[in-house]
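Hi,

Here is the structure I promised to pass on. Have a look, and my notes follow below.

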Amino acid sequence: MKRDILLVHGGMHGGWCWRRVMPHIFAAGHYAVAPTLTGLGHRARLGSAATDLDTHVEDIVACIEMEEMEDFILVGHSYAGMVITGVAERIGKRIAHLVYLDALAPLDGESASDIVTRGQGADYSAFADGMARPMSGYDFGLTDECDMQWVRRRCTPQSVATLTQKLAIAGDPSKRRRTFVECTSERDGAVLMQGIAVRAASIAADPTWNHIAFAAGHDCMISHPAETAAIILSLA
């Protein structure tokens, strides 16, 4: 079956991070779109400290409306697990499959910060302007120096409000078709990786989830684009 596929990038990234994956999806006869969230990537100038998780959920809902997507696959990488969960709360009946690609999978009332720091909350006081910046020396699980430099050049600051706003989940997520793809290589010790690994362990033991272990680093769409596309396509 041919399905539309919507790819949502993670924190501090942009739609650019999917550029190596999309040719594989198109070659298989599927249609894919990879929007950039407000305040990130080439849309950095449009964001501010007031940009929050609701803004990003609205971004993706609007994209779905404009693309007239129905019965499609919604993929969220890293931070975008928060976003796609919020989208599913809004228009879940239009989504055929939610794919959490090494992503944050929130419970009701959690923020991205809660998951990353295992419920303790993060201290963003150092960012007086309300904009969080990529951590020094943090390479998203990449090992190739050219890939690292490519990502570093493109990452942009992200509003702290997107990371601290809690997500209310009124529906029953277990009734949705959902897959968690856990990237198991190059866990570089950053708190993001630790938080995802803890949640992934509980998901792997939960029969309401489809769990896939993927021997790649966190930014698998950059380091392993063909394999990433193949996993997504296998769920179509």
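Which residues are buried in helix α9 (residues 225-234)? Pro225, Thr228, Ala229, Ile231 and Ile232 are, where buried means under 20% relative accessible area with a 1.4 Å probe, counting protein chains only. They sit on the same side of α9, because they cover an arc of only 160° around the axis, taken from the directions from the helix axis to the C-beta atoms. Helices here are DSSP runs of H or I with at least four residues, strands are E runs of at least two, and both are numbered from the N terminus.

Before you go further: this is a predicted model, with local features needing pLDDT of at least 70 and side-chain atom pairs counting only at pLDDT 80 or more, while totals for chains, interfaces and linings use all residues. Residues are numbered from 1 along each chain as its sequence is written, and side-chain values use heavy atoms, with hydrogens and water left out.

Now the pockets. The second largest pocket holds about 230 Å³ of space (a pocket is an open set of points on a 1 Å grid over the protein atoms alone, with protein on both sides within 12 Å along at least five of seven lines; lining residues have an atom within 4 Å of a point; a volume is the space filled by 1.4 Å probe spheres set on the points, which are joined across faces, edges and corners). Of its 17 lining residues, Pro106, Leu107, Pro173, Arg178 and Trp209 are the closest to its centre. Helix α7 (191-204) gives the most to this lining, with 3 residues.

Best wishes

Technical notes: Buried < 20%, exposed > 50% of the residue type's maximum accessible area, 1.4 Å probe, protein only.
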